[in-house]
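Welcome, and thank you for joining this short tour. Please open your viewer and keep the selection tool handy.

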Amino acid sequence: MSVTVFKTLFQRLNVLLLTSHHFRKVSGTSHLARMDLAAVVARLEQLAPPARAEPWDNVGLLVEPSRPGRVERVFLTVDLTEEVMAEVEGLPGKKVGLVVAYHPPIFKPLKRLTQCSANERVVIRAIESNLAVYSPHTAHDSIAGGVNDWLLSGLGKGAVSALHIRRLPLEYANVVTLHALPNSSSVRLLEDMQSRLDGVSPPTTLSSVSVPTAFDVSLGCSENGMTALLPFVEEKFPGFKITVTDAPQVPVLGCGRLLTLAHPTPLTSLVSRLKTHLNLQHLRLATPLEAEGGEMEVSTVAVCAGAGASVLRGVRADMYLTGEMSHHEVLAATSRGTAVVLCEHSNSERGFLLVFREMLQRCLEPDVEVTISKVDRDPLHVV
């Protein structure tokens, strides 16, 4: 079987294998049952690879404890404010081992950690509590099924495309093809191999295919993964074959989506749907001069969660949907005949946490609890 075929199998099966309970089903003492911090971070990186984030962003593991233990509870929030940190510290039951904050609490470089700003105080409290902090941010904006796809899902059926396509190098430049006779220890070998890769960055996962005469394993991994795995491979698979390939540029979805509705829909109907989808009583609406009062038909909607002006700029659509835009950016859009709907920055993102919790729970061990903040909220409200 060629390297190309193996790579195709790996790319198609990678997420399925990660989010299934394959390894747990075949062995009650699987290495994957140990959900330490490195293992949980590896799952987060597989759901939304940090390489998918915008170049300016600061994503991934931002605070790593010096004594990371077993993660019993993961806590989700959009903003890690002091109020949210107090909620984390006061939760009954299982102790939170990892906070996943959609917005990175460390964004601009910190020159010192003092009590002078809320951001610094939050980071200090996390360190003092031996608490890890992770942020996916724009990596979740770009992936299929991520924040932007969730945001537009409340508008109705239609064709969806990415506003921007980025080209990234393949994370898995090295492909190892191993051949062994099928026997009772084959699955155990896979588990042992995977255990040596947990925590390796970029994350590396095995995919396997069983055929009648051999047990074939295709492994795509980074240089770090190769270093971690080679001693084990040399011992268990004498005569193994390694094929190293260049890292080609591959197209991936970027931030922003364009929805072409199946049927033209009145703007007022779309606004009503969004209020239901986002559980909000009020939205901000700007319409072109010729559509005062919201009386216009919408066929295309350009969507970008958060502050989407830079992503939406120049996109031809009947309607823009984002969290926030400046006064002059709104004027520029309406002057071109585009209606603008603003729901406030974090309101365009917070509802996705319910979807993210389900995604994450499926790829963690059953005894790891995933909790969503009850006090996290957008700082702006209508009075």
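Buried means under 20% relative accessible area, exposed over 50%, and partly exposed in between (1.4 Å probe, protein chains only). Helices (H or I, at least four residues) and strands (E, at least two) are DSSP runs, numbered from the N terminus. The model is predicted: local features need pLDDT of at least 70, side-chain atom pairs count only at pLDDT 80 or more, and totals for chains, interfaces and linings use all residues. Residues are numbered from 1 along each chain as its sequence is written, and side-chain values use heavy atoms, leaving out hydrogens and water.

Start by selecting helix 13 (residues 352-362), where F352, L353, F356, M359 and L360 are buried. These residues lie on the same side of helix 13 because they cover an arc of only 115° around the axis (the arc of the directions from the helix axis to the C-beta atoms). Now show what covers them: among the elements are helix 3, strand 2 (73-77) and strand 17 (369-372). Contact here means heavy atoms within 4.5 Å.

Next, select L155, which touches L259, V301 and M319, among others.

Move on to strand 16 (residues 339-342). Which residues cover its two faces? A339 and V341 are buried on one side, V340 and L342 on the other. Strand 13 (residues 284-286) runs antiparallel to strand 16, joined by three bridges, and strand 15 (residues 319-324) pairs with strand 16 in the parallel sense over four bridges. Strands pair if DSSP finds at least two bridges between them.

Methods: Lists of a residue's contacts leave out its neighbours within four places in sequence.
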